[in-house]
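Visitor: Hi! Could you walk me through this one?

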Amino acid sequence: TVLLLQALAWGVLWGAQYVLKPTWQQSETQAQASQAQWDEAQAEQDDLTTYRSRFEQLKAAGLVGGDPRAAWVDDLLRTARDQGLQERLGFTLAPPETLAVDEAEAAGAQVKRHVLEYSLNRVHEVEALQFMQRFHQDHALIARPAACWLERPTPEGLTARCRVNFLHIDPAAAAVHNEAS
């Protein structure tokens, strides 16, 4: 019985200590949890601040949202017109090709590649190189030249053909996914 009474007394004391625990200890525990949440939120805010300007640049360049295909063609035509080469320009813009990117799929977005092929006929090397440099530089954030060829030289000039891959992220799939859930 003595042993049972000691166990019972120990249980009552432990329970009393737990129930009568000072409120400052509970407040301190809550403050530590709140501080951890605050630190996490601050770290996320710092990331947003750090990368926001780069994101805005890429968005303005046409990487995210909207349908930038018409703007790419307009820029191609404007570049040719500015150099007086509009009559010598030909191009095709292939239908978009969806790429499998795990991170995009996890976010419910689609990454698409758009292949633009253009040619300049009867131009001199310097004209062709200036055109390529200007157009590719204007879209350097979202496009990569896949290949360029200078061929069929004649006294009137040569033919320059280029293939450029444009990258675009369509977040529309994410919006549809969010509405369905």
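Visitor: How far apart are the end C-alpha atoms of α5, and what should its 14 residues span?
Guide: The 14 residues of α5 should span 20 Å at 1.5 Å a residue, and the end C-alpha atoms are 20 Å apart, which agrees. The expected span is 1.5 Å times one less than the number of residues. Helices (H or I, at least four residues) and strands (E, at least two) are DSSP runs, numbered from the N terminus.

Visitor: Before we go on, what kind of model is this?
Guide: This is a predicted model, in which local features need pLDDT of at least 70 and side-chain atom pairs count only at pLDDT 80 or more, while totals for chains, interfaces and linings use all residues. Residues are numbered from 1 along each chain as its sequence is written, and side-chain values use heavy atoms, with hydrogens and water left out.

Visitor: Good to know. Back to α5: which residues are buried?
Guide: In α5, A128, F131, M132, F135 and H136 are buried. They cover an arc of only 110° around the axis, which puts them on the same side of α5. Buried means under 20% relative accessible area, exposed means over 50%, and partly exposed is in between (1.4 Å probe, protein chains only). The arc is that of the directions from the helix axis to the C-beta atoms.

Visitor: And which residues are exposed on the other side of α5?
Guide: V126, Q133 and Q137 are exposed there.

Visitor: What covers the buried residues of α5?
Guide: The cover includes α3, β1, β3, β4 and β5.

Visitor: Let's turn to α3, then. Which of its residues are buried?
Guide: R69, W72, V73, D75, L76, T79 and A80 are buried in α3. Seen down the axis of α3, the buried residues fall within an arc of 155°, so they line one face of the helix. They pack against β1 (89-93), β3, α5 and β5.

Visitor: What comes just after α3?
Guide: G84 does, with a positive phi of about 70°.

Visitor: Which residues touch the most other members in the largest nonpolar core?
Guide: Of its 23 residues, those are L76, L89, Y118, L120, F131, F135 and F166. The elements giving two or more residues to this core are α3 (69-82), β3 (110-123), α5 (125-138) and β5. The largest share, 5 residues, comes from β5. A nonpolar core is a set of buried Ala, Val, Leu, Ile, Met, Phe, Trp, Tyr and Cys residues joined through side-chain atoms within 4.5 Å.

Visitor: Take L76 from that list. What does L76 touch?
Guide: Not counting residues up to four places away in sequence, L76 touches L89, F91, L116, Y118, F131 and F135. Contact means heavy atoms within 4.5 Å.

Visitor: Now the strands. In which sense do β3 and β5 pair, parallel or antiparallel?
Guide: β3 and β5 pair in the antiparallel sense over 12 bridges, and R113 stands opposite L167 in β5. Two strands pair if DSSP finds at least two bridges between them.

Visitor: How many bridges do β4 and β5 have?
Guide: β4 and β5 pair over 9 bridges, in the antiparallel sense. A hairpin joins β4 to β5 through 2 residues, and the bridge partner of W149 in β5 is R161.

Visitor: Which residues does the disulfide join?
Guide: The disulfide joins C148 to C162, with an S to S distance of 2.1 Å. C148 lies in strand β4 (residues 143-154) and C162 in strand β5 (residues 157-170), so the pair ties together parts that are 14 residues apart in sequence. The structure holds 1 disulfide (a pair of cysteine sulfur atoms within 2.5 Å). The link of C148 and C162 is right-handed, with 120° about the S-S bond.

Visitor: Is C162 buried or exposed?
Guide: C162 is buried, with a relative accessible area of 2%, whereas C148 counts as partly exposed at 35% relative accessibility.

Visitor: Last one: how many helices and strands does the protein chain have?
Guide: The protein chain has 6 helices and 5 strands, running α-α-α-β-β-α-β-α-β-β-α from the N terminus on. Of its 181 residues, 24% count as buried.
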